[in-house]
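Please read it with the sequence and the structure at hand.

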Amino acid sequence: MKITMLGAGSFGTAMSKHLADLGNDILMWTIDKEQADSINSTGRNTFCFQDTVLPDNIKCTLDMDEALSFSDYVIMAIPTQFEREVCRKVAATGKKNLHMLNLAKGIEISTGYLLHKVHEEESPDNIYSALSGPSHAEEVLIGCPTAVTLASFTKGEAENWQKILTGNNFRVYTSDDVVGLEVGGATKNIYAVAAGISKAMKLGDNALAAIACRGLAEIMRFGKKLGADPMTLSGLAGVGDLMVTCYSMHSRNFRLGLAVGSGKSFDAAAKELGQVAEGAYTVRAVVENSKKFDVEMPLAEGVYRILYGGESPELIMRELFARPLKSEDLF
């Protein structure tokens with residue numbers, strides 16, 4: 001079948017190759033002419049995975065109308081803070097009833113919205129689904145075994161995408177809990193930054209495990225306020241994604257934390273990374289919403305203070321351990 005991929009970054013490229021290897025024809029869309037020309041002429045993406053030659057059944061265009069005319073099955077692999085802008089471009093073409101699958105993991109800073117709310121506002125005439133779970137692009141690209149969750153509000157839609165995406169060591173589970181899936185995918189990035197800071201400070205494996213576990217408690221408290229099912233957050237889209245991003249050098253958010261924990265400023269660390277680390281943006285929206293919803297999230301607040309307040313990780317750690325004693329509650 002034909003599938004359109006909006007976005008030609010690392011995950012969009014990895015998923016395009018995966019789908020092409022399954023026998024599908026893929027048309028990628030980008031705003032970068034050099035990137036599009038290179039993919040079309042050499043099969044190489046100038047932005048990422050430059051050593052990989054993409055299959056011949058992957059092409060790239062700069063034209064949104066052409067991209068959406070290619071297929072009604074559209075996958076969005078766009079950085080979270082640009083999702084609304086691209087949704088508006090989709091709506092401007094007049095195309096309706098598109099099957100839209102979102103791969104981004106984050107929360108819109110300007111509104112505090114999860115991404116399904118952005119799509120509801122900007123492209124309400126299309127059918128929305130979202131995918132999340134432990135799925136580093138570097139591993140998807142080379143066919144490493146990967147399991148993810150895909151959720152949709154529309155009956156049968158998740159199962160439809162499940163059949164399209166599953167194969168070659170890539171396994172998809174379905175859900176109807178879009179909110180829980182998006183909460184897990186967005187918030188876990190915050191704790192990956194914390195994990196990277198902890199690693200750089202040489203705090204040890206015990207501290208890293210504590211960050212992941214207490215981070216999960218914060219995610220579940222936050223998710224409950226938004227209407228997420230706790231069982232979703234105990235699965236691939238929650239615990240699974242949290243584990244892989246807190247323990248792997250593939251994680252941009254973990255690497256950002258490593259740089260900050262080594263003494264670099266947030267701005268210098270982000271520049272050195274050279275790619276979007278969604279956790280750095282998500283933490284702003286999460287901390288703001290946690291106060292509005294009266295949700296206790298001390299780890300998230302600590303990351304925010306380090307990144308945007310310039311406070312020292314050592315100070316934040318001392319404050320966390322000096323907090324009043326309590327029982328171990330998840331909610």
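Is the crossing of α9 and α11 left-handed or right-handed? The crossing is right-handed. The model is a predicted one.

**Packing of α9 and α11**

- Two packed helices are described by the angle between their axes and the distance between the axes.
- For α9 (residues 205-226) and α11 (residues 236-246), the angle is about 145° and the axes are 11 Å apart.
- On the α9 side, the residues in contact are Leu208, Ala212, Leu216 and Ile219.
- They meet Val239, Leu242 and Cys246 in α11.
- By class, this contact between α9 and α11 has seven nonpolar residues, with no polar and no charged ones.

**Helix α2**

- Helix α2 spans residues 33-42, and its N-terminal end is capped by aspartate 32.
- In this cap, a side-chain oxygen of aspartate 32 lies 3.0 Å from the backbone nitrogen of glutamate 34.
- Gln35, Ala36, Ser38 and Ile39 are buried in α2.
- Seen down the axis, these buried residues fall within an arc of 165°, so they line one face of α2.
- The cover over the buried residues of α2 includes strands β2 (25-29) and β3 (58-61).
- Lys33, Glu34 and Ser41 are exposed, on the face of α2 turned away from the buried side.
- Just after α2, glycine 43 has a positive phi of about 80°.

- Neighbours within four places in sequence left aside, glutamine 35 is in contact with Ala8, Thr30, Asn45, Thr46 and Phe47.

**Helix α7**

- Glu157, Ala158, Trp161, Ile164 and Leu165 are buried in α7 (residues 157-165).
- These residues are on the same side of α7, because they cover an arc of only 120° around its axis.

**Arginine 171**

- Arginine 171 is found in strand β8, which runs over residues 170-175.
- Its relative accessibility is 48%, so arginine 171 counts as partly exposed.
- A polar contact of 3.0 Å joins its side chain to the side chain of tyrosine 173.
- Not counting residues up to four places away in sequence, arginine 171 touches Thr146, Ala147, Val148 and Thr166.
- Threonine 146 is 25 residues from arginine 171 in sequence, and their C-alpha atoms are 6.2 Å apart.

**Alanine 269**

- Alanine 269 lies in helix α13 (residues 266-273).
- With a relative accessible area of 2%, alanine 269 is buried.
- Its contacts, leaving aside neighbours within four places in sequence, are Leu256, Ala259, Val260 and Lys264.
- Alanine 269 and arginine 255 are 14 residues apart in sequence, with a C-alpha to C-alpha distance of 8.8 Å.

Terms used:
Residues numbered from 1 in each chain as written. Predicted model: local features only at pLDDT ≥ 70, side-chain atom pairs only at ≥ 80, totals over all residues. Heavy atoms only, no water. Axes fitted to C-alpha atoms, helices over the stretch in contact; angles between N-to-C directions. Helix = DSSP H or I, 4+ residues; strand = E, 2+ residues; numbered from the N terminus. Left-handed = near helix turned anticlockwise from the far one by under 90°. Contact = heavy atoms within 4.5 Å. Nonpolar A, V, L, I, M, F, W, Y, C, P; charged D, E, K, R; others polar. Buried < 20%, exposed > 50% of the residue type's maximum accessible area, 1.4 Å probe, protein only. Polar contact = N/O pair within 3.5 Å; in protein donor to acceptor, adjacent residues only side chain to side chain. Arc of directions from axis to C-beta.
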